[in-house]
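Welcome! Have a look at the model below, and then we will walk through it together, one place at a time.

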Amino acid sequence: MSNQAMHELKVVSDDDCWRIFEKHAFDDSAEATAELKTIGLGIVVRCKGLPLAVKWLAGLLRSTSKPEEWRKILNSDIWRLQFQQNLKNTTFQALWLSYHFLPPFLKRCFAYLSVFPKDHQFDKKKITWLWMAEGLLEPEKGKKAEDVGKQYLQTLIGRSFFQYSSQRESTWEEPKLIMHDIVHDLAIFISGEFSFEFNDSNDLSYLPTKACHLSISAKGSEVSTKIMKGLTSQTRSLSLRTFLLLSGSYAILEKNLLHDLFLKVGGCLRVLSLSQSFITELPDSIGNMKCLRYLDLSWTLIKELPDSICTLYNLQTLLLSSCKDLERLPTRLAALVNLRHLDIRHTSLKEMPPQMCKMKSLETLSDFVLGENGGWRIKELGELPLLGGSLRISGLEHIVDIKDVLEANLKNKKFLSELILEWDCDSNITSSYQEREVLEALQPHTNLKQLSIRGYRGTIFPAWVGHESFCNMVEVNLRECRNVWMLPPLGELSSLRRLVIWYLDGVVAIGNEFCGSSSTTIKHPFTSLEYLDISFMPSWEEWSFSSDRLSQEGGLFPSLTELYMDECKKLLLGLPDCCLPNLKSISIEDCDEMVGVFVCQSRQEMDTNAFPSLRSMSLLHCPRLECFPQEGLPLAYLRIVGCPVLEQRCQKGTGEDWLKIQHIPKIDIGERST
């Protein structure tokens with residue numbers, strides 16, 4: 001080990017701690033009264049310069065402005081307790097205080113989370129569904145259990161029991177939640193022997209007799225053997241309520257092993273997760289687990305579900321996402337009348353089981369698949385009034401009667417936030433007019449936030465697509481609508497932040513129709529659009545906006561930060577002739593006919609002030625590209641590959657355009673960096 005200097009971290013000053021306290025204890029609009037400030041300063045002093053302790057207590061006190069409640073914290077006996085090693089730690093004392101003043105129902109919900117390992121990434125929805133399955137959510141008049149769960153979760157986030165994870169696959173996805181290690185330690189301390197995590201450093205022979213909640217995070221090929229050996233070594237009948245096989249363990253669980261497992265864990269189980277395990281089928285004995293409310297089989301190799309699963313009448317949540325080999329659901333699935341959440345994304349289902357309309361409690365139905373002779377069944381959606389979240393309807397090419405679509409009543413499904421509509425774009429079309437009628441009848445409620453249309457075979461979109469009444473819409477995807485020749489007026493969507501347009505083969509020009517009508521209440525189009533991807537457009541030749549549109553204040557896309565174009569083979573110029581004040585990144589690839597990124601009559605003429613925020617430009621495989629502005633763009637990164645004319649002009653020291661780009665810190669020309 002090398003000798004390195006040690007640096008002692010000093011505590012934070014009381015003044016800095018007070019600023020942290022103020023930020024987390026008071027609403028933006030609230031001022032600290034003199035009395036609360038005096039008490040708060042006393043609490044800050046008690047925290048001994050530890051910002052984490054300050055943050056937790058401030059989060060606790062944010063929910064009340066009563067001085068007597070604040071004094072309870074200041075004068076609590078917890079500050080003097082020394083009966084546990086952890087409680088000698090000021091940070092842990094502060095956290096314990098924050099926990100101590102939680103309502104009893106929140107204490108139970110918090111303690112339950114101890115079953116998960118440290119650094120676990122929590123999904124908000126799944127936490128709520130797990131709490132619901134365990135009966136931890138107190139009923140509130142006029143509120144759904146899921147809404148109560150969201151409220152609990154928000155309270156725990158507000159009091160800093162959770163933090164938002166910085167890791168996420170996309171900036172557009174809601175971040176997961178994580179627990180600080182010391183918060184996790186507290187959860188374990190509180191739950192005591194009621195929760196147990198089987199990991200690589202222990203075994204199930206240590207499973208406490210009182211254990212109700214078991215998670216398995218151990219990894220390796222021997223996990224399944226260890227599970228059964230550990231459970232069968234127990235001389236008592238287990239009364240587990242939770243059995244979680246956590247992602248990453250990849251246990252190989254065979255049918256007979258699962259049968260033995262189900263017999264051993266007993267009939268009290270409410271939560272069973274076998275996600276990401278190597279199972280191909282479930283034993284019929286799953287039907288004996290009558291108390292089961294949450295079943296997660298996602299990311300498994302399962303091919304079908306046993307019919308006995310349809311006798312689990314208490315089941316509330318069934319997760320089957322990414323079961324790639326799953327082609328059918330049990331015929332009697334509709335008997336699960338208490339099922340509230342059914343996730344069948346990324347499966348190979350050919351059609352839905354009969355009588356889905358009987359599942360009146362469904363709030364989440366990720367997919368509704370219309371079979372070859374079952375287009376009429378879309379009307380069953382009309383009898384599921386609680387549907388919310390995301391809904392994907394595929395097989396729309398099988399619809400025969402428009403009346404069936406109208407009976408689906410999507411227009412009144414106010415809880416839906418995302419709608420995905422899919423046709424098989426390779427199927428034969430009988431009438432473009434009928435296609436448009438179908439899409440017209442699929443009009444959703446204006447609460448919708450995300451819309452995807454894929455494989456639509458009509459020539460134009462109906463009026464509701466892009467209508468200004470959809471003021472909550474933040475994302476639109478239009479893909480493989482190959483017969484469409486004119487884009488809808490998406491500029492009228494005042495909240496639209498992300499737009500993807502792919503494979504609209506009939507579109508030759510993009511102009512004023514894209515912005516919307518000047519007679520609408522929307523003064524400026526695309527006011528919120530941040531991300532635009534227009535790719536795989538074989539016929540698109542030009543931007544064709546009128547001069548009044550181009551010259552309007554703020555430009556056409558005032559908030560746009562990212563622009564992507566790929567395989568727009570006939571497009572001549574990359575950008576419209578307007579100011580893009582917030583554009584930070586441009587990526588253009590495989591645009592064979594493009595001669596310039598910017599509008600300019602010659603290589604010298606362009607207003608670079610139109611792009612004051614531009615920092616990154618990537619130009620790949622555009623063989624005719626040659627136009628570059630006279631004045632230097634404020635770029636930090638420039639990449640040019642597969643553009644022979646432009647590469648020649650931008651060669652370091654010798655190229656005609658080198659002086660225009662030499663100020664850029666990082667430049668990649670061809671396969672070389674300069």
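In this predicted model, helix α6 (residues 104-112) packs with helix α8 (residues 145-158), their axes 11 Å apart and at an angle of about 80 degrees. An angle from 65 to 115 degrees counts as roughly perpendicular, and therefore α6 and α8 are roughly perpendicular to each other. Which residues make the contact? From α6 come Phe 105, Leu 106 and Cys 109, while α8 brings Tyr 152, Thr 155 and Leu 156. Sorted by class, the contact of α6 with α8 has five nonpolar residues, one polar residue and no charged ones.

Just after α9 you can find Gly 192, which has a positive phi of about 60 degrees.

Next, the cysteines. How many disulfides does the structure hold? The count is zero. Take Cys 291, which is in no disulfide: the nearest cysteine sulfur belongs to Cys 268 and is 6.1 Å away. A disulfide would need the two sulfur atoms within 2.5 Å.

Is Ser 618 buried or exposed? Ser 618 counts as buried because its relative accessibility is 12%, and buried means under 20%.

| Residue | Relative accessibility | Class |
|---|---|---|
| Cys 291 | 34% | partly exposed |
| Cys 310 | 1% | buried |
| Ser 618 | 12% | buried |

Where does Ser 618 sit? You will find Ser 618 in strand β22, which spans residues 616-620. Setting aside neighbours within four places in sequence, Ser 618 is in contact with Ile 586, Ser 587, Ile 588 and Arg 639. Tyr 637 is 19 residues from Ser 618 in sequence, and their C-alpha atoms are 8.2 Å apart in space.

Now step back to the whole protein. Its secondary structure comes to 17 helices and 25 strands. Of its 674 residues, 51% are buried. The protein exposes about 31,000 Å², and carbon and sulfur atoms supply 49% of that area. Among contacts with a separation of 6 or more, 60% are between residues 24 or more positions apart.

Terms used:
Residues are numbered from 1 along each chain as its sequence is written. This is a predicted model: local features need pLDDT of at least 70, side-chain atom pairs count only at pLDDT 80 or more; totals for chains, interfaces and linings use all residues. Side-chain values use heavy atoms; hydrogens and water are left out. Buried means under 20% relative accessible area, exposed over 50%, partly exposed in between (1.4 Å probe, protein chains only). Axes are lines fitted to C-alpha atoms, for helices over the stretch in contact, and angles run from 0 to 180 degrees between N-to-C directions. Helices (H or I, at least four residues) and strands (E, at least two) are DSSP runs, numbered from the N terminus. Angles under 35 degrees count as roughly parallel, over 145 as roughly antiparallel, 65 to 115 as roughly perpendicular and the rest as oblique. Contact means heavy atoms within 4.5 Å. Ala, Val, Leu, Ile, Met, Phe, Trp, Tyr, Cys and Pro count as nonpolar, Asp, Glu, Lys and Arg as charged, and the others, Gly among them, as polar. Accessible areas come from the Shrake-Rupley method with a 1.4 Å probe; for residues, only the protein chains shown count as cover.
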